[in-house]
Amino acid sequence: MFYGKVIGSVWATQKEAGMDNLKLLVIQPMDFKDSEAGTPIIAADRIGAGVGERVIVSRGSPARTLFKDKMVPIDAMIVGIVDSFEVAKEAEEEAWKSTNRE
Amino acid sequence: MFYGKVIGSVWATQKEAGMDNLKLLVIQPMDFKDSEAGTPIIAADRIGAGVGERVIVSRGSPARTLFKDKMVPIDAMIVGIVDSFEVAKEAEEEAWKSTNRE
Amino acid sequence: MFYGKVIGSVWATQKEAGMDNLKLLVIQPMDFKDSEAGTPIIAADRIGAGVGERVIVSRGSPARTLFKDKMVPIDAMIVGIVDSFEVAKEAEEEAWKSTNRE
Amino acid sequence: MFYGKVIGSVWATQKEAGMDNLKLLVIQPMDFKDSEAGTPIIAADRIGAGVGERVIVSRGSPARTLFKDKMVPIDAMIVGIVDSFEVAKEAEEEAWKSTNRE
Amino acid sequence: MFYGKVIGSVWATQKEAGMDNLKLLVIQPMDFKDSEAGTPIIAADRIGAGVGERVIVSRGSPARTLFKDKMVPIDAMIVGIVDSFEVAKEAEEEAWKSTNRE
């Protein structure tokens, strides 16, 4: 999955089978230092994410499995709204080299 | 899914099984600031998108599921023609940091 | 799918189950301005593409579905030989902004 | 699969069906010269990887197959904790050109 | 598929279900001019590839289909050991423009 922030919405009237009643959000992929990481993508949302929120996005066929009984041709889905994250400081990581598994 | 604009068409006479009667369009991936984002790709279209229109493209196996009864070896499909989108201004997004979930 | 040109062939004697009797071609991904776009990949071919020809390549599991009854572990397939393509001039595209859907 | 190091954790209360009780770790992709290689991603973990450990991550639908009876919409999974690796020196590789298969 | 050279091995004791008895090799993606093309990845091998050998690697779910009866969460597999390849000289390719399909 990748980490991103919700930056907007997209609307389409003419669409493929299975795309009805889907909320489509624009997601800016982010690194964990609060910088943008690449081009925004479009993901479906069923859990009520709003603009400005940080989310977890799953891509590819796993995203589609949520609609088992229905043919939904999406390739990206918001699977969680991030409450918080914790990323180790460089120093802590480097402890690995001297003490861990060597 | 990614956001793009339709910039042309491709024709092929010699093709694989399942590729008959498929309209193949050339799509330029775009960011939401109206700049190009990467190399154009080829996507199948069944909803009548035309050159110049902004579209939503789904990739990978989800795209193929639309042809359940038929073996269609495509990996990209136009799933919506964009009417409009709304992307938050930087300022609005940043409000998240001070008020939302912290 | 992506657009590319056939630039060569690869041969392998030692190979996985399902890879027998597969013609493997080297494809240079291209943009539609006749420039190379990234590293060449290897795709299977059943429709007789030759060196120098422009082709449409499908990637991922859709490519594999062509071999339904057989377990073929490929992730890229030539699905069409390009006869011609037509890509809109910048000016035509920009007409969209003022006249189309706004 | 790709090689990475675990650099942190992510928590989400609001989430999609099938995301309950999943430990989600932040993984920094690495090359084998101990340099970072791209943006961190989020992967599920069931084998007890901890911050600082080097891991093998599998992406896409193969990752999801581990949850056969359950619909889990993840696209990345830690499939091994690396004990050690061995990467050939440039010189050894180059021996290939003169002695191997030519 | 992509073209690469085997540059090493990875070992893991703690691993996911289905990862037992799998030989995991480190593959450096290559272009066909003998230059490296991107970050090394990890692929499973059942056909006996060794360090220094040039191989064809298949990614995503097609790779996993080789283990039909077993749940193996891998996303990359060596599917062939390259004996030789032939890539057209620029001049030959360009012949296409004037003589082929125009």
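The following questions and answers concern a predicted model, with attention to chain A and its contact with chain B.

Visitor: In what order do the elements of chain A run from the N terminus on?

Guide: The secondary structure of chain A consists of two helices and five strands. Read from the N terminus, the order of these elements is β-β-β-β-α-β-α.

Visitor: What relation holds between chain A and chain B?

Guide: Chain A can be laid on chain B with an RMSD of 0.0 Å.

Visitor: Why do the copies meet through different surfaces?

Guide: The contact takes 38 residues from chain A and 37 residues from chain B. The copies meet through different surfaces because, of the interface residues of chain A, those that are also interface residues in chain B make up only 11%.

Visitor: Which side chains meet in a salt bridge?

Guide: A salt bridge requires a side-chain nitrogen of Lys or Arg within 4 Å of a carboxyl oxygen of Asp or Glu. Between chain A and chain B the count is one salt bridge. At 2.7 Å, N to O, the pair is B:Arg46 and A:Glu16.

Visitor: Which element gives the most to the side of chain A that touches chain B?

Guide: Across this interface, 14 residue pairs are in polar contact. On the side of chain A that touches chain B, the elements that each supply at least two residues are β1 (2-15), β2 (23-29), β3 (41-45), α1 (61-64) and β5 (76-87) of chain A. The element that gives the most, with 10 residues, is β1(A).

Key. Residues numbered from 1 in each chain as written. Chains lettered and ligands numbered in written order. Predicted model: local features only at pLDDT ≥ 70, side-chain atom pairs only at ≥ 80, totals over all residues. Heavy atoms only, no water. Least-squares fit on C-alpha atoms with pLDDT ≥ 70 in both. Contact = heavy atoms within 4.5 Å. Helix = DSSP H or I, 4+ residues; strand = E, 2+ residues; numbered from the N terminus. Polar contact = N/O pair within 3.5 Å; in protein donor to acceptor, adjacent residues only side chain to side chain.
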